[in-house]
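This briefing covers one protein chain, arranged by topic. Please look over the sequence and the structure before reading on.

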Amino acid sequence: MKEILTYIDNLSISDQEICNRLYKIISKQLKGEAYAIRGLLHFDLVRHFGKPFTVDPNAPGVPIITKFDPNLKPPRNSVKEVYTQVIA
């Protein structure tokens with residue numbers, strides 16, 4: 001009986017370690033995917049609302065938003081700045 005309880009105690013510890021490792025891997029994956037989606041959205045927005053990069057890279061593009069703030073009213077960044085952010 002004691003051997004079974006020891007096995008169960010050790011199993012729960014290793015399960016916790018596995019869960020922690022999986023959480024770290026999954027959270028990195030989700031963070032990377034979120035960055036990719038943000039980059040694609042900025043790219044699409046600047047193509048839609050800004051001038052083409054080849055025509056005038058310093059023309060107003062779209063605001064670069066990297067942090068959530070419901071009261072933020074950012075100015076428009078240049079097309080060049082948006083493309084630089086998308087590539088980064």
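**Salt bridge**

The structure, a predicted model, holds 1 salt bridge. The partners are D44 and R47, whose closest N and O atoms lie 2.9 Å apart.

- D44 and R47 are 3 residues apart in helix 1, so about one helical turn separates them.
- D44 is partly exposed, at a relative accessible area of 39%.
- Side chains of opposite charge can pair when their charged atoms come close.

**Overall make-up**

- The secondary structure consists of 2 helices and 0 strands.
- Helix 1 covers 2–49 and helix 2 covers 79–87, with a loop between them.
- Of the 88 residues in the protein, 11% are buried.
- The accessible surface is about 7600 Å², and carbon and sulfur atoms account for 63% of this.
- Taking contacts between residues at least 6 apart in sequence, 30% join residues at least 24 apart.

**Nonpolar core**

- The largest nonpolar core has 5 residues, namely V46, A59, V62, V79 and V82.
- In soluble globular proteins, nonpolar side chains tend to be buried together.
- Leaving out residues up to four places away in sequence, V79 touches V46, G50, K51, F53, D56, P57, A59, P60 and G61.

**S78 in the loop**

- S78 lies in the loop between helix 1 and helix 2.
- S78 has a relative accessible area of 14% and is therefore buried, the cut-off being under 20%.
- Apart from neighbours within four places in sequence, S78 is in contact with P57, N58, A59, P60 and G61.

Terms used
Residues numbered from 1 in each chain as written. Predicted model: local features only at pLDDT ≥ 70, side-chain atom pairs only at ≥ 80, totals over all residues. Heavy atoms only, no water. Core = buried A, V, L, I, M, F, W, Y, C linked by side-chain atoms within 4.5 Å. Buried < 20%, exposed > 50% of the residue type's maximum accessible area, 1.4 Å probe, protein only. Contact = heavy atoms within 4.5 Å. Helix = DSSP H or I, 4+ residues; strand = E, 2+ residues; numbered from the N terminus. Areas by Shrake-Rupley, 256 points an atom, 1.4 Å probe, with all protein chains shown as cover. Salt bridge = Lys/Arg side-chain N within 4 Å of Asp/Glu carboxyl O.
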